[in-house]
Amino acid sequence: MANTFISAASGSTTTIQTLYTCPSATTAVVHAVYLSNVDGTNDATINLSVSGSANFKDRRFILKTVDVPADSTVVIEKPINLGVGDKLESQASANDDVDVFASILEMT
């Protein structure tokens, strides 16, 4: 079994976007997610969810409408286990206000 650390990153949009999809023949553990509000003036909110496989046919929210104050970072440091086809998704209240970065361990 091979273990590979990877990163997934994106800027925010007001539509749900996939940050990471767990590949076939792989399980993954999201070790941390960093949500940084890069807008120097305005607060933003963020949703973080998992969907996409037999385990998560419906979207399940990890964070729902969580405030990320201007010029600050919210860190989620609890593991999130993902199976084949599971998607880690984000959605923000404003386009380009929140940078999203995830640290992930893939096991194949």
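Let's start with Thr65, which is partly exposed at a relative accessible area of 49%; on this scale buried means under 20%, exposed means over 50%, and partly exposed is in between, with a 1.4 Å probe and protein chains only. Thr65 sits in strand β5, and strands here are DSSP runs of E, at least two residues long, while helices are runs of H or I of at least four, all numbered from the N terminus. Asp71 is in the loop between β5 and β6, and with a relative accessible area of 58% it counts as exposed.

A quick word on the source: this is a predicted model, so local features need pLDDT of at least 70 and side-chain atom pairs count only at pLDDT 80 or more, while totals for chains, interfaces and linings use all residues. Residues are numbered from 1 along each chain as its sequence is written, and side-chain values use heavy atoms, with hydrogens and water left out.

Okay, the overall fold. We have zero helices and nine strands. The radius of gyration is 14 Å, close to the 13 Å from the globule rule for 108 residues, so the protein is as compact as a globular protein of that length; that radius is taken over C-alpha atoms, and the rule is 2.2 Å times the number of residues to the power 0.38. The C-alpha trace spans about 45 × 25 × 20 Å along its principal axes. Of the contacts with a separation of 6 or more, 81% are between residues 24 or more positions apart, contact meaning heavy atoms within 4.5 Å.

Now the inside. Buried residues make up 40% of the 108. The largest nonpolar core has 24 residues, and those with the most contacts inside it include Tyr20, Val33 and Leu88. By core I mean buried Ala, Val, Leu, Ile, Met, Phe, Trp, Tyr and Cys residues joined through side-chain atoms within 4.5 Å. Strands β2 (17-21) and β3 (27-37) are among those that each supply at least two residues of this core. Setting aside neighbours within four places in sequence, Val33 is in contact with Leu48, Leu88 and Phe101, among others.

Which salt bridges turn up? A search of the whole structure finds two, a salt bridge being a side-chain nitrogen of Lys or Arg within 4 Å of a carboxyl oxygen of Asp or Glu. One pairs Asp58 with Arg60, closest N and O atoms 3.9 Å apart. The other is Arg59 with Glu89, at 2.8 Å. Arg59 is partly exposed at 34%, whereas Glu89 is buried at 4%.

Ser49 ties in here. This residue lies in strand β4, is buried at 3%, and its contacts beyond four places in sequence include both Arg59 and Glu89.

Last stop, the surface. Tyr34, Val75 and Phe101 form a nonpolar patch with about 230 Å² of accessible area together. Phe101 is found in strand β9 (residues 98-107) and is partly exposed at 34%. Patches take residues with over 30% relative accessible area and no salt bridge, joining like charges within 9 Å and nonpolar side chains (Val, Leu, Ile, Met, Phe, Trp, Tyr) within 5 Å; the areas come from the Shrake-Rupley method with a 1.4 Å probe, and for residues only the protein chains shown count as cover.
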